[in-house]
Amino acid sequence: FWDELDKFSIVPDRKIYDCLFSSVDDLLLKRKLIVKGSLEKIKFKGELSKLKIQIDYEEFRLLTEEEKEEARKKIFLSLEDYNMALWKAKKPETAARIMKEIDESGLEKNLDTYSNYVGFLEDEISIRDMMNEIQTKGMMPTLAFYNSLMKFAVDESSVLKIFEEMMQLGIAPDTNSYNYLISANWNKNKIIEIADKIRESGLSLNNDTYLLLLKSARNESELINIRADMKRDGIIGNYLHYSVMIDLVRDENLALEIMAEIETKGVKVSVYFYNKYFNIARNELKAKQVFRNMKSKRVVPNFGIFHCLIDLTSDLDSIKVYLREMKIYDVKPSIFVFNKMFDLVESLDDAFDILDLIIRENLIINLRAIGQIFKLAKSETKALETFELLRKKGIEITIEIYNFLLKYVRNEFTIQKIIREMKVNGMPPTIYTYNCIIENKTYIESLGWKTVMEEDGIEADAITYTNIM
């Protein structure tokens, strides 16, 4: 029956395989049918699918030579079948198993066998050994051998040497050969020359070529030109191409265009692309819309995205909404978020609410936040109340906090009391401390504090004289 199919060049479908299996008891024959069917891309179902998994591929090795020969007569996998299996193989271990089966079958490997397998070898020495092996059998290495050698070449000169060796043998390079030249050379002008050479040779730039060209691009302008060439050449591009593109983009509209293109291919836009977009986003309303779309597509926002959104906003209530969302997504805010809130806050009560949030998040309170709180205090009374409240909240009082306080205290007795306290706490006043005191004093008062400062052994600087004037 099988011979009849071969005679009339009929490719059996799954139903024929089902019929054959139902009439076969021999496990080895079943196994051979499964291999043959797999090469024909038959998708086995039900019991056959289970059997395909259960059949022991090592069983063939246990047979005697006579049994093996008898098995081959039942259904014979030709060298062409094995060569096709090698060509379709995706993993090195699969290819190695096929080569082992060819050896066990007694079939003589031909040039196609070696050419289809050489790409799975993992170093230059193994490739050269195989080249020597086929030459002893009277065969000459093919393009596949030289492309594999170039893949393992360590630098530009090594790739060029292999390329020239191949050309001297009269083996015409393909696009992949030129791609190896590009990957070994990061001189922009030479890369363009190689790309032009591909076209001059009547070849087409492929996905790998354009990926290499994109990686060599230095700015958004070059990216736009490469994208135009890709469209002209009908190159669709894949996730890797778009990942390189998004890194080069500086225009938020182009970033959105690239992300839309990814979606047209049925691929989910990952958080990596959204991070890149929000890093360059300048339009707050558009960014908020993209953020809503991202969440609707079940992409989980991260720390970087929230911070970019907060940086864009000029509304304190919006930041509070983002803070609530950060909790939902288990994203811990940084002090940057609260600094932004301090920049927008208008009342001292609101400022202390933000300070409480910082304390609850166990974040280190920086001087920018403290300075903004004292700025909102405005008056001496409020500044002193603020100082005491900071102390009650467990904030470590540093010389910088004393200096912030002294900017707003006008009463001479209170200032002297604060300076004594600073000295007792091991924080003697510095030039900056006295400049803070002098900043809001009258001319006469300023001269008096300049004298006190000099008695403390501190010389006036340019800021001191500017404040006095």
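Predicted model: local features only at pLDDT ≥ 70, side-chain atom pairs only at ≥ 80, totals over all residues.
Residues are numbered from 1 along each chain as its sequence is written, and side-chain values use heavy atoms, with hydrogens and water left out.

Let me begin with the chain as a whole. The protein chain has 30 helices and zero strands, where helices (H or I, at least four residues) and strands (E, at least two) are DSSP runs numbered from the N terminus. Of its 469 residues, 44% count as buried; here buried means under 20% relative accessible area, exposed means over 50%, and partly exposed lies in between, with a 1.4 Å probe and protein chains only. The chain exposes about 26,000 Å², and carbon and sulfur atoms supply 53% of that area, as computed by the Shrake-Rupley method with a 1.4 Å probe, where for residues only the protein chains shown count as cover. If we take the contacts (heavy atoms within 4.5 Å) with a separation of 6 or more, residues 24 or more positions apart account for 58% of them.

The buried residues are Ala369, Ile370, Gly371, Gln372, Ile373, Phe374, Leu376 and Ala377, and their cover includes α22 (335-344), α23 (348-360), α25 (380-392) and α26 (399-406). After α24 comes Lys378, whose phi is positive, near 70°. On the α22 side, Asn339 sits within that helix and counts as buried at 7% relative accessibility. Leaving aside residues up to four places away in sequence, Asn339 touches Asn366, Arg368 and Ala369, and Ala369 is, as I said, one of the buried residues of α24.

Next, the charged pairs. The structure holds 26 salt bridges, a salt bridge being a side-chain nitrogen of Lys or Arg within 4 Å of a carboxyl oxygen of Asp or Glu. One of them joins the side chains of Lys190 and Glu156, at 3.6 Å from N to O. Because Lys190 lies in helix α13 (residues 188-200) and Glu156 in helix α11 (residues 156-168), this pair ties together parts that are 34 residues apart in sequence. Lys190 is partly exposed at 38% relative accessible area, and Glu156 is likewise partly exposed at 30%.

A second bridge pairs Glu261 with Lys231, with the closest N and O atoms 3.8 Å apart. This pair links distant parts of the chain, Glu261 being in helix α17 (residues 252-264) and Lys231 in helix α15 (residues 220-232), 30 residues apart. Is Glu261 buried or exposed? At 17% relative accessibility, Glu261 counts as buried, whereas Lys231 is exposed at 54%.

An α-helix has 3.6 residues a turn, so residues three or four places apart point the same way. Both partners are partly exposed, Arg391 at 34% and Glu388 at 38%.

Finally, helix α9. Asp129 is found in this helix, which spans residues 124-136, and Asp129 is partly exposed at 48% relative accessible area. Together with Glu122, Asp123 and Glu124, Asp129 forms a negative surface patch; patches are made of residues with over 30% relative accessible area and no salt bridge, with like charges joined within 9 Å and nonpolar side chains (Val, Leu, Ile, Met, Phe, Trp, Tyr) within 5 Å. For the charges, Asp and Glu count as negative and Lys and Arg as positive, without His or the chain ends, and the place of a charge is taken as NZ of Lys, CZ of Arg, CG of Asp or CD of Glu. Ser126 also lies in α9 and is partly exposed at 27%; its C-alpha atom is 9.7 Å from that of Leu149, 23 residues apart along the chain.
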